[in-house]
Amino acid sequence: MAPRVGIVGIGHTRFGNSSEYDLADVLAYAATDALQDAGFLEHRKEVDQVFVANMASGLFCHQSAVASSMVSRLDMEPVPAELVENGPASGASAVKLGYMAVASGLADVVLVVGGEIMRKVSGWNATDIVSTMLDTETEYNMGLTLPGFGGMFTRLYMEKYGLTERDLALLAVKNHDNGAKNKYAHIQAPCKIEAIADGPEADVVNNYIAEPLRMYSTCPVSDGAAALLLVNMDSPKAKLFARKPVRIAGVASATDTHCVHNRADPLQLNAVRIAGEKAYKMAGLTPKDISFAELHDAFSILELAISEEVGFFERGKSYLAVRKGETAIDGRLPINTSGGLKSKGHPVGGTGVSQVVELVRQLRGEAEPGRQVKDPKYGLSVNFGGFGNNVVAVICAKE
Amino acid sequence: MAIDDMEKKLRPPEIVLKPYPPKVITLASGEKMVVREAKREEVGALLGTVYPLIGVPSDYYDIVAVRMYSEILGWYRYRVANEFVLVGAINGVIAGIVTSRHVHAGLGMSLHTMTIKRGLRVGAQLFAAKMEHHIDILGEDEVWIVAESPNGFKRWMIEYQLEDRSSQFPEVRHELGGVPTFVLTRKLWNAVRDIKCTGTRPVSDADLKSAEKLIMPTEYPQLPGFKR
């Protein structure tokens, strides 16, 4: 039987603009934070494996080999270290590989770090670099971008299910309320529905990015990093750590067609559904058992679509739950308690790790006042790679 | 101050500019920002707002603050011709300041944009107000613009798709140090006005009153732990 895998340390930088810093330093900051949290900083050379998640440091920072660079910054040599790249799902892929390393018996202590510095380049260049994850011939070369896909997906969803732009604005209000209280969030400012949807200046204050997606339906371009220390909970080493572990109960990933146009129904995110189903099965849970969730809302529409694919709501009905406040922090199923990608930010290679950090903070009861979920038992995160072509789901459990 | 013959010769010739009509913008936070022209007697609050940022190298706040300080002082002491200062105030607290200069009937010279309150596109709104004043109110055909920070370059040169006239140097040379000059033409402004520039006029008496007395900010996101 595979050993149980727990998280005993978490680290996080404040997301935002860290473009004056070196990526390896930002990663090392988050890693140090996690090692300190676990009371393991002095023992860091006893880590068996390091995984560093990053999507595109070569393009954003003209920098490669960041895994070994970060290890060197932390004076951790000769600990083995590898880079993990799976687009914006790199972070959760690294968590998955960390889990596999421990569960396989190959390692007892694994440091997982994810991060990105995106703001060394302009917003337009960042959009272009992120878009390189699309199919080169049929998507990228045709001028498609991720916001472009997000806009088309939103339009299709609106036409099929009756979603309105105001519903998207309600999601922004909810997530900014949470992010405003999160010390790690990029944008720590609440927003009001009258300002971003109803008021006379809303069209400019909340301008279109890729119609019908507006600025407050789209994540910011962020820098930052997050880190986790994973351990074999059944090893004698588990007693070495200062923190009680939060168990990884389920972790799974799935792929879908790389080209979105090859999908029978572009509104169906098969990889999300399958990754979710596999994670539930591994954890022995159902969607009803989940206390809260971190869902990859690079565009607000994705929070809705993902919440339906993982079984929280019927297809096309999630926005009605948002209207009723069911996914607010005091609702029956809080979603994006961290502020989500919309408010917390989205340093692409770091997001999946950051989502799991939020699961741990909530399950430990350490979220800031006003955004702590009441007595949570299980948290789910979904990290969305490409436009849904490579997705990772993680379920964490309070022990 | 006495305006003697020497002082008269030190002052630049001035053109009386049309006033900028105040407007109010509801920011994403729901807060109302009144955008209006600053008055000379408010120079103390303006300089006091800018001064602490002179020591902030991040995002070139230092150079922008130093230059804006001198521009406001030059405006107050009549050492810059045809300058205007617009201010954005939330409940009277200064959220941002822009400085600019009318050169002649066809040309405006954009000076600086300083955002104090971050994350609500205060700077973007004030920059748009400045362009509105140049082209729609003062009737200029174009505004010359430079950026001193990467963020400024992203916000103005890229987002407005400004015309790059740097190849026409030295014939086209912005007053700020000869760095590459970009231009907002009337045609470009007409193309972006509706998506960049907003605000409600006339401003209600209550909102105007809220911005009647300018208050220096007590908190700066750029200066954690700042105490005045």
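Predicted model: local features only at pLDDT ≥ 70, side-chain atom pairs only at ≥ 80, totals over all residues.

Biologist: What radius of gyration does chain B have, and what would a compact globule have?

Modeller: Chain B has a radius of gyration of 17 Å, which agrees with the value near 17 Å that a compact globule of 228 residues would have. Along its principal axes the C-alpha trace of chain B spans about 45 × 45 × 40 Å.

Biologist: And what percentage of the residues of chain B count as buried?

Modeller: Of its 228 residues, 40% count as buried. As for contacts in chain B between residues at least 6 apart in sequence, 66% join residues at least 24 apart.

Biologist: Let me pick strand β3 of chain B. How many of its residues are buried?

Modeller: Strand β3(B), residues 83–90, is mostly covered, with 8 of its 8 residues buried. Both faces are covered, with Glu83(B), Val85(B), Val87(B) and Ala89(B) buried on one side and Phe84(B), Leu86(B), Gly88(B) and Ile90(B) buried on the other.

Biologist: Which strands does β3(B) pair with?

Modeller: Strand β2(B), residues 32–37, pairs with β3(B) in the antiparallel sense over 5 bridges, and within β3(B) the residue opposite Val35(B) is Gly88(B). Strand β4(B), residues 93–104, also pairs with β3(B) in the antiparallel sense, over 8 bridges, and here Glu83(B) stands opposite Arg101(B) in β4(B).

Biologist: How many residues lie between β3(B) and β4(B)?

Modeller: There are 2 residues between them in a hairpin, and Asn91(B) in the turn has a positive phi of about 50°.

Biologist: What does Val205(A) touch?

Modeller: Leaving out residues up to four places away in sequence, Val205(A) touches Ala195(A) and Ile196(A) in chain A, and Thr26(B), Leu27(B), Ala28(B) and Thr198(B) in chain B. Val205(A) lies in helix α9 of chain A, residues 202–205.

Biologist: Is Val205(A) buried or exposed, and why?

Modeller: Val205(A) is buried, because 25 other C-beta atoms lie within 10 Å, and the cut-off for buried is 20 or more.

Biologist: Last topic: what is the strand order in the open sheet of chain A?

Modeller: The open sheet has 9 strands in the order β3-β2-β4-β7-β1-β8-β11-β10-β9 (chain A), with mixed pairing. At the edges stand β3 (81–84) and β9 (292–295) of chain A, each with a single partner strand, so one side of each is left without a neighbour in the sheet. On average, neighbouring strands of this sheet are turned by 25° against each other, direction ignored.

Biologist: Which helices pack on that sheet?

Modeller: One of them is helix α3(A), residues 66–73, which touches β2 (49–53), β3 and β4 (109–116) of chain A and whose direction makes about 135° with that of β3(A). Helix α14(A), residues 351–364, also packs on the sheet, touching strands that include β1 (5–12), β7 (224–232) and β10 (378–385) of chain A, and its direction makes about 170° with that of β10(A).

Conventions. Residues numbered from 1 in each chain as written. Chains lettered and ligands numbered in written order. Helix = DSSP H or I, 4+ residues; strand = E, 2+ residues; numbered from the N terminus. Buried ≥ 20, exposed ≤ 12 C-beta atoms within 10 Å, placed from the backbone. Contact = placed C-beta atoms within 7 Å. Rg over C-alpha atoms; globule rule 2.2 N^0.38 Å. Pairing = 2+ DSSP bridges. Axes fitted to C-alpha atoms, helices over the stretch in contact; angles between N-to-C directions.
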